[in-house]
4 protein chains.
Amino acid sequence: MDRAPEWRTTEWFNTPSPLSLADLRGKIVMLTAFQMLCPGCVAEGLPQAQRVAATFKSSDVAVIGLHSVFEHHDAMGPAALRAFLHEYKIRFPVGVDAPDGPGLPHTMRDYGFQGTPTTLLFDREGQLRRHVFGHIADLQLGAELMALICEQPVAPAGISAETSGVCTIDGCR
Amino acid sequence: MDRAPEWRTTEWFNTPSPLSLADLRGKIVMLTAFQMLCPGCVAEGLPQAQRVAATFKSSDVAVIGLHSVFEHHDAMGPAALRAFLHEYKIRFPVGVDAPDGPGLPHTMRDYGFQGTPTTLLFDREGQLRRHVFGHIADLQLGAELMALICEQPVAPAGISAETSGVCTIDGCR
Amino acid sequence: MDRAPEWRTTEWFNTPSPLSLADLRGKIVMLTAFQMLCPGCVAEGLPQAQRVAATFKSSDVAVIGLHSVFEHHDAMGPAALRAFLHEYKIRFPVGVDAPDGPGLPHTMRDYGFQGTPTTLLFDREGQLRRHVFGHIADLQLGAELMALICEQPVAPAGISAETSGVCTIDGCR
Amino acid sequence: MDRAPEWRTTEWFNTPSPLSLADLRGKIVMLTAFQMLCPGCVAEGLPQAQRVAATFKSSDVAVIGLHSVFEHHDAMGPAALRAFLHEYKIRFPVGVDAPDGPGLPHTMRDYGFQGTPTTLLFDREGQLRRHVFGHIADLQLGAELMALICEQPVAPAGISAETSGVCTIDGCR
């Protein structure tokens, strides 16, 4: 499987420097694409992302927001987004999906998002393993994240993977 | 780690024959101990158990209810439980924790339940791995169940465990 | 309009003596008919009745529960109901609708309840003004109760009703 | 009691022409002051206002939104508000509280709002009868609105008020 395309962003919040998929290699990545004026994102998608960030260890799962604005562009610029993140107490890193004029932003188009919210799960290798438009239940999402956490990292030559094998939400050994 | 004690029951619903922990060896077991007149069980614990039964494959996770009556014994006998299970559309197997007169029923006492609802998670070997009194969030529970699913079964001698390693909610390979 | 038929009961809880519609004349009466093993009653109807009891003054609105058992009779006898009321912290008076063998209890049949929960609203004169099977939204119910509170009591001869006219949730003057 | 001060607005949505309190005389007015980036307004205050608009007859109760921006002014301008109202399907008239530079907008200051959401209830005469900051339960709000609906309008000289007296949610007669 080929690695997933890099996301394309113009600005970041809640992180000292921009984040790329490559930077996060070694961790599971959950990316929540949203729009600040999308009711389903505000009521469901973003609170779920906050719960994931609060439940999993940041060394296992990186939660990333992506502001993929495809409508009402003038209402959802960076200043508005900054205020929104503050008011909704969203603390995980959020990137702004690179606009392409009045059309779909670049990452949205590259990945073929059907709308917002969209949830992407990437494995430790940076491969896209799950793409969900709309709602995914917490129970299912928790299970899918742990399934990715449990996967054996590719062992460097000469190191046996056999010592791995027992994973809990507190880590694998 | 020693295997967990067998539960002690006097009657079963939603199953053609009684179930023991030993019978379920090889599967993850989630046991939800409840009382039919316990508001937290009715509002939270039992609906969560129904969601687990609907989300995970029955070949991976066995969901078991245990009716551990420690108060209002005359109101929660088997006939009442049967009506309750029918009205609340509970379809997974439910055992009646063996009463010990007016006191705590046997399994409740053996395991030291603090009350109801109580959730127990057993691994494929029948070892108790988690004991929760009260609420556990769906996201956490989904992750914990998958962590147990992902654990390597004990490999028979001569068979390498290396072919395992990739698990999803649809199974491990 | 004729006065509504008296309800027929065999036992009462949460009241020192049985209550009749006639006893409550002068107050608005909200009667919630339920079964203790009816999921919609437990999740919606009874909590709403508790909110009404907590919101309106008891001198304006009398909240009455009626246990109208029409199925699973052996699971919902008086001892079971007593335990249920205790566990669910239901403090308003609850009468047991008089059984008629294995069929519909008397009040249920007299009033033509379609099932449970059923909500009846009676005015100060004891006339039935509203009969709802299933759910009624809090906003609507609050308005309907206040509409009944606001109605002018029948003024005794020689007393002008003109002094009435301003009602709030704290009373009318 | 003096009539309440007129609200001061600079722009309106969902109405062909600006609305004043004076225009609405004869109706009960429920004004919900909000900010589009206020989580409590989005989750509670505005949905409640939508329920009121759907439950009461528009000839009895006029539901009005007031966008009282006191923070993040650059994120909540009229273009952003227009997009917000569209996405959240808010159909009742919404006025923009007249800004006063970076400070509190005029109506907010005139009425002494403590924050958003704030709910004001005005009677048919345009007098302010209720001022709530934060949450008010639907049951209570429904009752308070009906109490105001039930109040006798001031009868013109020579017309008896005695024909009034029976109100329901479908009107008074």
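**Cysteines and strands**

Let me start in chain B, where Cys38 and Cys41 are joined as a disulfide: the sulfur atoms of B:Cys38 and B:Cys41 lie 2.4 Å apart. Keep in mind that this is a predicted model. The link between B:Cys38 and B:Cys41 is right-handed, with 80° about the S-S bond. Are these two cysteines, B:Cys38 and B:Cys41, buried or exposed? B:Cys38 is buried because its relative accessible area is 7%, under the 20% cut-off. B:Cys41 is buried too, at 0%.

Chain C next. C:Cys38 and C:Cys41 form a disulfide with the sulfur atoms 2.4 Å apart. The torsion about that S-S bond is about 80°, so the disulfide of C:Cys38 and C:Cys41 is right-handed. Both C:Cys38 and C:Cys41 are buried.

In chain D, a disulfide links D:Cys38 to D:Cys41, again with 2.4 Å between the sulfur atoms. This link of D:Cys38 and D:Cys41 is right-handed, with 80° about the S-S bond, and D:Cys38 and D:Cys41 are both buried. Over all chains, the count of disulfides is four.

A:Cys150 is buried, with 8% relative accessible area. For D:Cys150, the closest cysteine sulfur is in C:Cys150, 3.4 Å away and likewise too far for a bond. D:Cys150 counts as buried, at 8% relative accessibility.

On to the sheet, using chain A. Six strands make an open sheet with mixed pairing, in the order β1-β4-β3-β2-β5-β6 (chain A). Which strands stand at the edges? They are β1 (9-13) and β6 (128-133) of chain A; each has a single partner strand, so one side of each is left without a neighbour in the sheet. From one strand to the next, the twist averages 20°.

Helix α2 (residues 78-87) of chain A lies across β1, β2 (28-34), β3 (61-67) and β4 of chain A, and runs at about 30° to β1(A).

The last item is strand β3 (residues 61-67) of chain D. How many of its seven residues are buried? Seven of the seven, so β3(D) is largely enclosed by the rest of the structure. In a regular strand, side chains alternate between the two faces of the sheet. In β3(D), D:Val61, D:Val63, D:Gly65 and D:His67 point one way, while D:Ala62, D:Ile64 and D:Leu66 point the other way, and all are buried.

Strand β2 (residues 28-34) of chain D runs parallel to β3(D), joined by seven bridges. D:Thr32 has D:Gly65 as its bridge partner in β3(D). Between β2(D) and β3(D) the chain passes through helix α1 (residues 39-55) of chain D, in a right-handed β-α-β crossover.

β3(D) also pairs with strand β4 (residues 94-97) of chain D, in the parallel sense, over three bridges. Here D:Gly65 is opposite D:Val94 in β4(D). The chain goes from β3(D) through helix α2 (residues 78-87) of chain D to β4(D), and this β-α-β crossover is right-handed. I will stop there.

Note on methods: Residues numbered from 1 in each chain as written. Chains lettered and ligands numbered in written order. Predicted model: local features only at pLDDT ≥ 70, side-chain atom pairs only at ≥ 80, totals over all residues. Heavy atoms only, no water. Disulfide = S-S within 2.5 Å. Buried < 20%, exposed > 50% of the residue type's maximum accessible area, 1.4 Å probe, protein only. Pairing = 2+ DSSP bridges. Helix = DSSP H or I, 4+ residues; strand = E, 2+ residues; numbered from the N terminus. Axes fitted to C-alpha atoms, helices over the stretch in contact; angles between N-to-C directions. Contact = heavy atoms within 4.5 Å. Right-handed = clockwise from strand over helix to strand, strands pointing away.
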